[in-house]
Amino acid sequence: MPFAIKICMLGPLKDISSNVTDPILICDDDVGIRAALKLFFKSENWPCEVCASPDALLDALRQHEASLVLVDLNYTRDTTSGLEGLDLIRELRREWPDLPIIAMTAWSTVQLAVEAMRLGASDFIEKPWDNQRLGNIVRQQLRMQASQHENIRLKAENRVLQSSSGAPDWIGESTAMQAVISQASSVAGADVNILITGENGTGKSQLAEWIHAHSRRAQGSLVRVNMGAIPDSLFESELFGHKKGAFTDAKEDRMGRFELAEGGTLFLDEIGNLPLNQQAKLLQVLETRQFERLGSSRPQHANVRLITATNADLPALVTHGRFRQDLLYRLNSIVIHMPPLRERHEDIPLLARHFLHHHARQHGKPLRELDVLAIQVLQSHSWPGNVRELSHCMERAALLATGAVIQAGDLGLAVHGPSTTTPADDVLDSLSLEDAEKWLIRMALKRHDGNAQAAAEALGLSRSAFYRRLQKFGL
């Protein structure tokens, strides 16, 4: 989708064992066993549901997702052979190949356990069970599943959004945007590092997508990383990956972003927020074209094309000792500046109509056109949030407008743009806490010329907390 605005919060993998959303399904024909297991999982804050038969379990899985299943091996057919449970495991693995399955029986033999594992059980436990061992097995299975899903999600989520022609579309006829596209077209095919500058919401990530789609690496992945959302302690793990056991929570091997982008493009957004101590590590990779997973001594070749973006003034950060000059020289082989929306007024009606129709289709609303006065209001607004703010404005209009045509009043905008001074006390009192917080963040960004790091410091917020609020408010 053209100018599909999204903030990619690629933070550390959470311990899913303490944050399960899909229920654990328990299948046992003994009501006492079901009650005991349900009580145990409740004490661990794990949602769970119980089923009394294999058929009931299969029906439940066909109706909703599950994070894990715990199945007995003996039901009505007999009480000792485990054949009915083995048939159930076979069926579960056929329909849900990635679902963790823990087999459980009071009639345990080595042969039965081996057969259950061969058919696809992830682990095996005997009745009566030890709660601590059962809890450890469940946590291990959930973490393994989370690690697998994370790697799959990163590969899928970081594929470039493409139009029918194979590349992201652009909406913009202004001189400023035509100059950007001309420059991007000239360098897309060259395997050089590119730095994209511009205010928040101008479309820097969409330009990175366009460049990738028109490069020789278009068949590879475009991997996006929001540098402002990565905690310092996890920087190396996130970018370079880690081996199992490299640190306390490293339960499984994990690919880093450089490895995921192999043969493709690595897009590092908000590069100006990278701390100095991490800048040296990134510089070393760019100079040697090699990296090592945490916990490994085997160098891996970094075959990626690097695109970075920032809303900060990097030369000024260099002057103040907050950004390495040698790293800047590695990043800015080519610099492309994305103009703010207020400098491309002729593009506003085109973008507004596009977003209006997109959001109407997305939410099942009727397609409406914009009134002439509404267009004038849109063009008179200063758009501190740029294209991203315009998209949210049109989504709100698509949802809330009741007439056949979008009127100026449906936009919720002042004709002369938002006030840049502190509102009167009675106005502040009328704002909700959320609206007041949003206003403060917008003003902080304006005071610091769009520099997110400086705005966060001024508000007393950490980088990660500030970026969570930017995502929440669509800024």
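**Exercise 1. In which crossing, left-handed or right-handed, does H13 pass H14?**

Before we start, note that this is a predicted model, where local features need pLDDT of at least 70, side-chain atom pairs count only at pLDDT 80 or more, and totals for chains, interfaces and linings use all residues. Residues are numbered from 1 along each chain as its sequence is written, and side-chain values use heavy atoms, leaving out hydrogens and water.

*Step 1.* Find the two helices: H13 covers residues 348-363 and H14 covers residues 372-380. Helices (H or I, at least four residues) and strands (E, at least two) are DSSP runs, numbered from the N terminus.

*Step 2.* Look at the angle, which is about 115°, with the axes 10 Å apart. That makes H13 roughly perpendicular to H14 (65 to 115 degrees counts as roughly perpendicular). Axes here are lines fitted to C-alpha atoms, for helices over the stretch in contact, and angles run from 0 to 180 degrees between N-to-C directions.

*Step 3.* The crossing of H13 past H14 is right-handed, a word used if the near helix is turned clockwise from the far one by less than a right angle.

**Exercise 2. Which residues of H13 and H14 meet?**

*Step 1.* From H13, pick out Ile348, Pro349, Ala352 and Arg353; they meet Ile375, Leu378 and Gln379 of H14. Contact means heavy atoms within 4.5 Å.

*Step 2.* Sort the residues of this contact: five are nonpolar, one is polar and one is charged. Ala, Val, Leu, Ile, Met, Phe, Trp, Tyr, Cys and Pro count as nonpolar, Asp, Glu, Lys and Arg as charged, and the others, Gly among them, as polar.

**Exercise 3. How many residues of helix H7 (residues 204-213) are buried?**

*Step 1.* Ten of the ten are buried, so H7 is largely enclosed by the rest of the structure. Among them are Lys204, Glu209 and Trp210.

*Step 2.* Ask what covers them: the list includes helix H6 and the strands S6, S7, S8, S11 and S12.

Methods. Angles under 35 degrees count as roughly parallel, over 145 as roughly antiparallel, 65 to 115 as roughly perpendicular and the rest as oblique. Buried means under 20% relative accessible area, exposed over 50%, partly exposed in between (1.4 Å probe, protein chains only).
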